[in-house]
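Let's walk through this model together, one feature at a time. Keep the sequence at hand as you read.

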Amino acid sequence: MLKIGGFLQAKMISKDIRQKELADQMGLDQRTISNYCNDVNFPNLETLSKLCNILDIDIMHLLECQKTGNLDLLIQNDLEMKLLHEFRKIPKEKQKTFLKSIQLIVTMLDYKEDL
């Protein structure tokens with residue numbers, strides 16, 4: 001089964017849509033949306049198409065990433081989505097400095113684990 005739950009959740013956060021609201025828009029039960037978000041069930045193609053339309057997801061990109069196993073192209077959870085939103089708030093000319101700072105922090109964290 002394809003796993004898209006983390007991606008759906010991240011997109012819902014970015015669009016400020018709750019599971020109940022999404023379920024209402026789609027004519028589904030909130031538990032159904034919850035099952036999709038938790039990778040308990042996978043929507044049929046028609047439902048997936050509606051989900052992608054509401055959440056502004058390119059369905060072909062989503063399916064291709066799943067098929068090739070190239071999941072690093074997808075935002076997989078709400079923490080990644082929050083980081084991306086914060087990054088996009090930074091002026092373009094300062095984004096490179098931000099990335100270097102993050103790389104330094106990651107290096108420091110890796111170093112502490114070695115101690």
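This is a predicted model: local features need pLDDT of at least 70, side-chain atom pairs count only at pLDDT 80 or more; totals for chains, interfaces and linings use all residues.

Residues are numbered from 1 along each chain as its sequence is written, and side-chain values use heavy atoms, with hydrogens and water left out.

Which ring partners Phe98? The ring of Phe87 has its centre 5.7 Å from that of Phe98, and the planes meet at 45 degrees, so the pair is tilted. Rings of Phe, Tyr and Trp (its six-membered ring) pair if their centres lie within 6.5 Å, and planes under 30 degrees apart count as stacked, over 60 as edge-to-face and the rest as tilted. The structure holds one such aromatic pair. Phe87 sits in helix α6 (residues 78-89) and Phe98 in helix α7 (residues 92-114), so the pair ties together parts eleven residues apart in sequence. Helices here are DSSP runs (H or I, at least four residues), numbered from the N terminus. Phe87 is buried, at a relative accessible area of 18%.

Now look at the backbone of Asp56, which has a positive phi of about 55 degrees although it is not a glycine. Most residues other than glycine have a negative phi. Asp56 is found in the loop between α4 and α5 (59-68), and this residue is exposed, with a relative accessible area of 52%.

Definitions and conventions:
Helices (H or I, at least four residues) and strands (E, at least two) are DSSP runs, numbered from the N terminus. Buried means under 20% relative accessible area, exposed over 50%, partly exposed in between (1.4 Å probe, protein chains only).
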